[in-house]
Amino acid sequence: MEFIIITLVKTGLVAFILLTTLAYLQWVERKVIAHVQARVGPYRVGPHGLLQPLADVVKLMTKEDLIPDHVNKVFYVLAPFLAVFLALLSISVIPFGPAVEIFGIKTNLGLADINIGILLILAVSSLGVYGIALAGWASNNKYSLMGGLRSAAQMVSYELPMALAIAAPLILSNSLNLREIVDTQAGNWYGIPNWNIFTGGQIFGFFLFMIAAFAETNRIPFDLPEAENELVAGFHVEYSSMKFAGFFMAEYANMITVCSVATVLFLGGWHSPIPSQAGSGVFAALVHFAAAGMLFFHAMHAARPFDKITFPVFGVVISGIGAIFLAGAFVWPALGAAINGLFWYGAKTFILLFVFIWIRATLPRFRYDQLMRFAWLFMFPAALLNMLITAFFVALKG
Amino acid sequence: MITYTSTDHFVLLPGLLLALFGCAVLLLDFLFPKDVKGRGWLVGIALSGVGFASWQSWQQYLYLKAHSMTPLVAFNGALVLDGFALFFNGIVLASAALVMLISYRYLEDEKEHHTEYYALVLFAACGAFFLNGGLDMVTIFVGLELMAVSFYILVGFLRTDKRSNEAAMKYLLLGGFSTGFLIYGFSIFYGLTGSTNLAALATVIPARGANDPLLYLAIVTTLVGLLFKIGAAPFHMWAPDTYEGAPTTVTAFLAVASKTASFALLLRVMLVGLGTAREMWEPLLTGAAVLTLTIGNLAAISQSNVKRLLAYSSIGHAGYVLLGLIAGNQTGLIGVSIYLLTYAFSTIGAFLVLIALRRRGVAVETIEDLASLGKRYPYYALLMLLFLMSLAGLPPTAGFIGKYYIFLSLVESGKYGLAIVGALYVAVSLYYYFRLVRSMFLTESIEAQVLAPSNGVRLVLALTGIATIAMGILPEPFLRMAAISLGR
Amino acid sequence: MSGDTFFFYAFSALALLGGLGTVLLRNAVHCALALMTSLLGVAGLYLLQGAEFLFAVQIVLYIGGIMVLFLFVIMLVNLDQASKLQQFGRQTPIALVVALAAVAAIFSMLSKSAVLLPASVSLTPLTGGNTETVANVLFTDYLLPFELVSILLLVAVVGSVMMAGKRTE
């Protein structure tokens, strides 16, 4: 019974945080791209457009939900649900932090702790293509069909190098359980964090994984399925309202998932890069205080009158969070372990998400034949080689 | 911990060599530019692969002989080296070598000359090795699939020929279907024993008692798969179409290597795994054998296409071999071995005459195409006569020895009824073989020029001809070879 | 009915209905999706047996890989004509009778027989994780077939490339 209650509470929390993040990731993306392109981005709704995601949600929900006559109704309706469902499913096996004990309850930070976690993620992500392919086919539109076909070919092709890139850290950690994989990356080696990307020598594997991840999530430069200047909008041409929003959510949820997986497999999960004796507990607090300080500074030199109020408010909130981290470091170690883990996990994932957005603002799109050739003639052999070399060294050591 | 002992290596080596040479042929073909004329040396490499494998098999024979033919078990009981496996490996190797020798010119004429062909022949032979020596159901299954998949591709090798495509498609679909039955039977055997080893099966059957329905189900489904592979009725429908549509060289290989290896598997499963449940499978096999003899021989009568006719006759031959298994005594088993040996040479020879007679772009296929062959090409006609006599089982050719032993074993074991049925169908078969002979020697036809056959074809014609005569006149050494298969 | 039993029947029904749908449905895309459902049911059965590795591999390879390629090809070809063709031959009633008789025979044989596995075989899932067990068995007892499969796959690749390759004259 206790198990069920804890699980329900955790699920509710994760779902809330994940969905909020999904909405705000959109805001972050628009802001970042705007600043890359010397614009300001969303600005009108709320301070710095912070309420824009809310407005978008209301807009999408109240729009007319159009189902064209020529579509295959069942699969047309099913496809976006399938896409969202599968995208949200894989987050359930990601461990966000260490096992903690709060209020006498021992629990892992993370929803499910299963033996084949990484295989389940691969399985679910390989199913993800059905949402897109079915949407493309059921729309009964040539642009949609092209988009669906492209995504099917692309995702199947890039799944291979992705799986092979994943295999290398698995060999290093000798487990398929994500929590155990993170545990093997604890500690450091002469000051270098003991992460797979550094001491495991997986820098190459990490890049292979990230490239494949871009293709698996259909992000620029691999967003061929929706290439708007060739296919109008690709597989979701015929979708509107919440069904359209479903595909949008799926894309962002998939981004979060692959970034989480990259964090877990290559970047040491929730482990801090700073050894604890060098004050890793205080680092998070310092970051928050610095951010708060910056906000206070900008409030003094505010460009707009509104900022004079909003900046200090946010500054106070963030320094409050910083104070909690301080408390965790000195007063309540159990809490410290939990929130520090979450902090590092979140920070790494967020940096990777930023890279996703950054690349979208920077690179043009591949041509289709280049995309496939790259997958089979470079990514696949390179990932295979990476795995073999890793296996060789592991065998040599053991 | 992975273990690979020297015994494993020794037992595996011939099959391993075949696979490695197959890969080597593919790689060399890939490494050298495509437009270079005359890739005959790649055929040489493929042939040398068969040569090395034969040499290793000979070493295995010498070893076994020095150890009083005690079977050598490798890979935790997955693979066994005994006289039985050696004998059938020998037939497979011989047929692979002969087929490769005759294929070069044939494929050039069909404008489908690709080195993949030789690699596939090697892989098919490799798969056949695991049917001959496999003792573990998983190994057997994978070996069977390796052989079958290679054959699916080989049968459809003439990509622009619709009949070849159709043949490959039919063979693939029906083959896949029958393999499903086989693996279903195997899965029940696994359920009965908790082990995938055939030897373990033999220990469980007495404990479960005779006429256990589940055991019966497993035997029936396994037999469906196996009877399909040997081309026995009622699962023979693929054979005529496939034999007719496939490239003739592949037809010869299919009729010999696939059939002998599948028979080896059938014998192994029935005698090693299910030897103690004989009363359960013997009636089933008897029915299948009689049906096979009937369908094969009666349907052959009305055929006008020679390849189809030979296909039906090869169905009939499967029936005779099954009779040897049903007789079940030592004579019967020697009969099965010697029958398959003689059948191999006569069948390759008969198909080879068809290949040698083909005119540019036109294959010799119907009985009319053979008309007045005796006048035009007396040597070919005589050779064809020889092979047909052997297939019919007339003395002094090889086929007589095989049929003699089969009938002897039936009489010894008191199965007179089956002996009479068999003898009756020999008479029937004489009729349709004689139709070919009549066409060759007693009818007139227009003159048609055939291409000069390649040296490979000449060589193989001579070899098969000599073997067919020699086995008929001097059967003693060949009988001793067949005795090896019984571990003597 | 315990949870396991319920899920066993649920997954079995999924597998069987999917199989029926694959054969009987007219639209090829629907057939492919029915086959996918069937494979999903089998994956569920693996999971119930405690074979979580097989479960994941079944989904990754069959549903996420092979079936996607099926779907890909089906979407590329024009199926309007194919869906109007007569789907079964005239022997359908006979085939139906034979198939049902075979099912009845198999069912009666299974139900009449004694317990399936011999007593020496344990029915409980092995401890220590299914993945490790599969790996151990694969590389010890079944090393030979495991390696042999690589040649089988090579042959399949060579064959498909051969058949699909350009026709050079």
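This is a predicted model: local features need pLDDT of at least 70, side-chain atom pairs count only at pLDDT 80 or more; totals for chains, interfaces and linings use all residues.
## Chain C at a glance

Chain C has 169 residues, and 23% of them are buried. How far apart in sequence are the residues that touch each other within chain C? Taking the contacts between residues at least 6 apart in sequence, 59% join residues at least 24 apart.

## Confidence in the model

For chain C, the pLDDT averages 82, and 83% of the residues score at least 70. The complex as a whole comes with an ipTM of 0.89 and a pTM of 0.88 from the predictor.

## Where chain B meets chain C

Now let us turn to the place where two chains come together. Here, 36 residues of chain B are in contact with 28 residues of chain C. Which helices of chain B supply at least two residues each to the side that touches chain C? They are α1 (6–31), α4 (116–133), α5 (137–155), α6 (162–193) and α8 (213–230) of chain B.

What kinds of residues does chain B place on the side that touches chain C? The residues on that side of chain B divide into 21 nonpolar, ten polar and five charged.

Technical notes: Residues are numbered from 1 along each chain as its sequence is written. Chains are lettered from A and ligands numbered from 1 in the order in which they are written. pLDDT is the predictor's confidence in each residue, from 0 to 100. Two residues are in contact if their C-beta atoms, placed from the backbone, lie within 7 Å. Helices (H or I, at least four residues) and strands (E, at least two) are DSSP runs, numbered from the N terminus. Ala, Val, Leu, Ile, Met, Phe, Trp, Tyr, Cys and Pro count as nonpolar, Asp, Glu, Lys and Arg as charged, and the others, Gly among them, as polar. A residue is buried if 20 or more other C-beta atoms lie within 10 Å of its own, exposed if 12 or fewer, and partly exposed in between; C-beta atoms are placed from the backbone.
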